[in-house]
Amino acid sequence: MTVQPKITRGFSACPHDCPSTCALDVEVIDGRTIGRLHGAGDNSYTAGVICAKVARYAERVHSPGRVLHPLKRVGPKGAGEFERISWDEALDIVAERFLAAERDFGPESVWPYYYAGTMGLVMRDGINRLRHVKKYSRQYSTICTALSWAGYIAGTGRLAGTDPREMAKSDCIVLWGTNAVHTQVNVMTHALKARKERGARIVAVDVYMNATMKQADMALLLRPGTDAALACAVMHVLFRDGHADRDYLAQYTDCPDELEAHLKSRTPEWASAITGLPAAEIEAFAALLGERRAAYFRLGYGFARQRNGAVGMHAALSIPAVLGAWRHEGGGALHSNSGIFRWRKTMIEGLDALDASVRQLDQSQIGRVLTGDAEALRHGPPVKAMLIQNTNPVSVAPEQERVKQGFAREDLFVCVHEQFMTETAKMADVVLPATMFLEHDDLYQGGGHQHVLLGPKLVDPPGECCSNHEVICALARRLGAEHPGFSMSARELIDWTLRNTDRGTVEELQASRWLDVQPPFRQAHFLDGFGYEDGRFRFRPDWSRVPMTNAGPMGPWQAMPALPDHWPVIEEADAEHPFRLSTSPARNFLNSTFTETPTSQAKEGGRPEVFVHPDDAAALGIADGERVVLGNRRGEVRLHARVYDGVRRGVLIAESIWPNSAFEDGRGINTLTGADQPAPFGGAAFHDNKVWLSKA
Ligand SMILES: Nc1nc2c(c(=O)[nH]1)N[C@H]1C(S)=C(S)[C@@H](COP(=O)(O)OP(=O)(O)OC[C@H]3O[C@@H](n4cnc5c(=O)[nH]c(N)nc54)[C@H](O)[C@@H]3O)O[C@H]1N2
Ligand SMILES: Nc1nc2c(c(=O)[nH]1)N[C@H]1C(S)=C(S)[C@@H](COP(=O)(O)OP(=O)(O)OC[C@H]3O[C@@H](n4cnc5c(=O)[nH]c(N)nc54)[C@H](O)[C@@H]3O)O[C@H]1N2
Ligand code: SF4
Ligand SMILES: [Mo]
């Protein structure tokens, strides 16, 4: 007789670093095994749809590759030889090494390092409570959002925008520099609904014919880093042809006349020479916008991962202001809604203990920091000890050669708290096993929408896995760090944070699953004014004072153009490096996450590849599938060519981020990317690389 398994349904929120933050229905088999994951049909943004990689999450949760016990390094650094130890022993070692570093080099020699492997507010940001209480070095988080947020906030003064569900009511949706089919599938749900129900047109702007471009009605394939030129020419045509909304401009913007005069010379022909787009395509895009002025600009991260990315973002964002698109339902722009939540995070992050005089190290410059670059260290002590949660810098951070050198330092102590034996974990002295989101409680917020969601614990963790919060509290006890947050449970922290942000209680959220905190229409459309004191959108921002960060301006910020313009500070191709490389996101990986699941690896073709235009391939005698070398002054990587006519000549695309070990000699794609600080507030220009290409 066979016993039928008992399947119950739990709910959760996707914890991954994805603007969609989907509301999930989770099948739980016999109270302990995860089955299929589904998108919640009754959540108005998720609308029943999630990506395939998370739908098959059972493969990740129940993977044989999970780290299940604390481990101590026994072989040489990076050799991957570990032995199992107890939690007490592991935590004692970490505490002892942190206290030793503090005693010998001061608290700033300890650098807790984290990112968004989970976006749960408790599990992601709790590490800062330990940091602030102990006065360890701070982290200036630049790897993802610094460039794009600067460009957006420079214009609007606030990181928010039109309700993403209004996309379904738009007549024209512009997907600019986001490969939504790969990176935030729910955008497509709403955009396709608008096309089906009201004949909306979908425009995509990208540097290769990716899955999103293929679904668009108008696909604008431009040279990397030239988006501002396209935006300027579009605005030139709008002014020229009488499609600028002059009443709106007079009421809501800072200097429309100056902008119009400046754009006189930014013709489609001028932009064509820079972007590589035929002038007729630019004219057609502008004409479409002139007809369909309630256009929805969904502005992605990708086009801002260029050294002129903040300028590009701001230029694209200026188009809906010229159109007056913000006035209309279904019109305006959205990059991120992170500015609407206004959490009180004192308890989670220990903000009451934050000391602004403690140095702040640039996350993207981890290679420079760990190899002792004085500038990157802010002329302070070396980093001697680290705790790493939710990130895999040996794979994802730029200037990988330096990152590896840094982690190989014998005098650097590294503790990595991980779900898998990642390339960063392999470099650690102590590895701690981490829970996954279905195994702990956390609180989530949408980036690309407006929900606050609860993700309660649904199953017990395997082996001896502990949550980030448990590890932080256990270390705090050993390090003598005191804060009320260290003696609260994750659920109590969630409750405290909800109550103190006037969002009810954890019990209420448990009952409702999510809260819709969408600001009212007039506010979301900035119709009561933009985020600056005078209420006006800035065509001419003060780049040194964008209201977004506690860091001062950096990089070549003084040379930034005053008004939207092409800013030629990208890594242009030259004789030595005839190609421009973008490391665009792969569909089945999420940064380096999911590279540990065989299904995702297989669906990505089993090995890293670079897309090369057929004529470029022919000129270099490279056949489809052949081994090639990509290189620049930062290093060389070996992978296979895929000849594809969906890239421009002179442009290469390597969909990322494969493990370094998937490349022939262990050098991953970020060997080629740079960690210089772009203006105005830093960031990593992952898609802005000049390289050479040859047969291997
Ligand atoms: N499947 C999958 N989903 C993901 C991720 C992933 O790795 N894989 N990453 C997650 C994370 S952390 C983030 S931040 C988001 C980011 O998601 P997106 O906002 O989509 O940004 P990117 O993924 O950086 O790149 C988007 C597109 O920008 C293009 N691009 C590169 N340079 C330029 C340019 O100069 N101009 C224009 N117009 N386009 C350019 C790239 O080719 C790519 O197709 O996605 C999240 N979702
Ligand atoms: N070449 C290139 N490089 C890039 C990018 C690119 O487009 N091209 N994109 C960049 C961007 S936008 C980003 S945001 C970064 C992201 O880079 P990362 O922040 O490193 O993101 P992930 O690769 O998803 O790694 C997160 C890690 O966190 C772990 N993790 C998840 N949940 C938990 C948890 O609850 N506890 C603990 N302890 N660990 C957990 C996962 O197992 C995973 O190994 O990569 C950047 N790097
Ligand atoms: S689309 Fe994004 S948020 Fe939704 S399930 Fe997939 S990774 Fe998670
Ligand atoms: Mo990101």
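Q: Where is Ala 47 found?
A: Ala 47 sits in the loop between β3 (33-39) and α1 (52-55). Keep in mind that this is a predicted model.

Q: What is phi for Ala 47?
A: Ala 47 has a positive phi of about 50°. Ala 47 is not a glycine, yet phi is positive.

Q: Is Ala 47 partly exposed or buried?
A: Partly exposed. The relative accessibility of Ala 47 is 34%, and the buried class needs a value under 20%.

Q: What about His 379, what is phi there?
A: Phi of His 379 is near 60°. That is again a positive value in a residue other than glycine.

Q: And where is the place of His 379?
A: His 379 lies in the loop between α17 (366-370) and β14 (385-389).

Q: Is His 379 exposed or buried?
A: Exposed. His 379 has a relative accessible area of 60%, and the cut-off for exposed is over 50%.

Q: New topic, cis peptides. What is omega for the bond from Ser 656 to Ile 657?
A: Omega is near 10°, and the bond from Ser 656 to Ile 657 is cis.

Q: Which loop holds Ile 657?
A: The loop between β24 (651-653) and β25 (689-695). Pro 680 also lies in the loop between β24 and β25.

Q: What is omega for the bond from Ala 679 to Pro 680?
A: Near 0°. The peptide bond from Ala 679 to Pro 680 is cis.

Q: On to domains. Which ones does the assignment give?
A: Domain 1 covers 7-61. Domain 2 is put together from 71-142, 341-432 and 451-516. Domain 3 takes 147-335 and 522-538, and domain 4 takes 579-695.

Q: How many Å separate the centres of domain 1 and domain 3?
A: The C-alpha centres of domain 1 and domain 3 are 32 Å apart. Their contact takes twelve residues from domain 1 and eleven from domain 3.

Q: How much area do domain 1 and domain 3 bury between them?
A: About 870 Å², with 56% of it on carbon and sulfur atoms.

Q: Which residues in domain 1 lose the most area to domain 3?
A: Pro 19, Ser 44 and Tyr 45. Together they make up 57% of what the domain 1 side buries.

Q: What kinds of residues are on that side of domain 1?
A: Eight nonpolar, three polar and one charged.

Technical notes. Residues are numbered from 1 along each chain as its sequence is written. Chains are lettered from A and ligands numbered from 1 in the order in which they are written. This is a predicted model: local features need pLDDT of at least 70, side-chain atom pairs count only at pLDDT 80 or more; totals for chains, interfaces and linings use all residues. Side-chain values use heavy atoms; hydrogens and water are left out. Domain bounds come from an automatic or database domain assignment. Contact means heavy atoms within 4.5 Å. Buried area is the accessible area (1.4 Å probe) that two parts lose on being put together, summed over both. Ala, Val, Leu, Ile, Met, Phe, Trp, Tyr, Cys and Pro count as nonpolar, Asp, Glu, Lys and Arg as charged, and the others, Gly among them, as polar. Helices (H or I, at least four residues) and strands (E, at least two) are DSSP runs, numbered from the N terminus. Buried means under 20% relative accessible area, exposed over 50%, partly exposed in between (1.4 Å probe, protein chains only).
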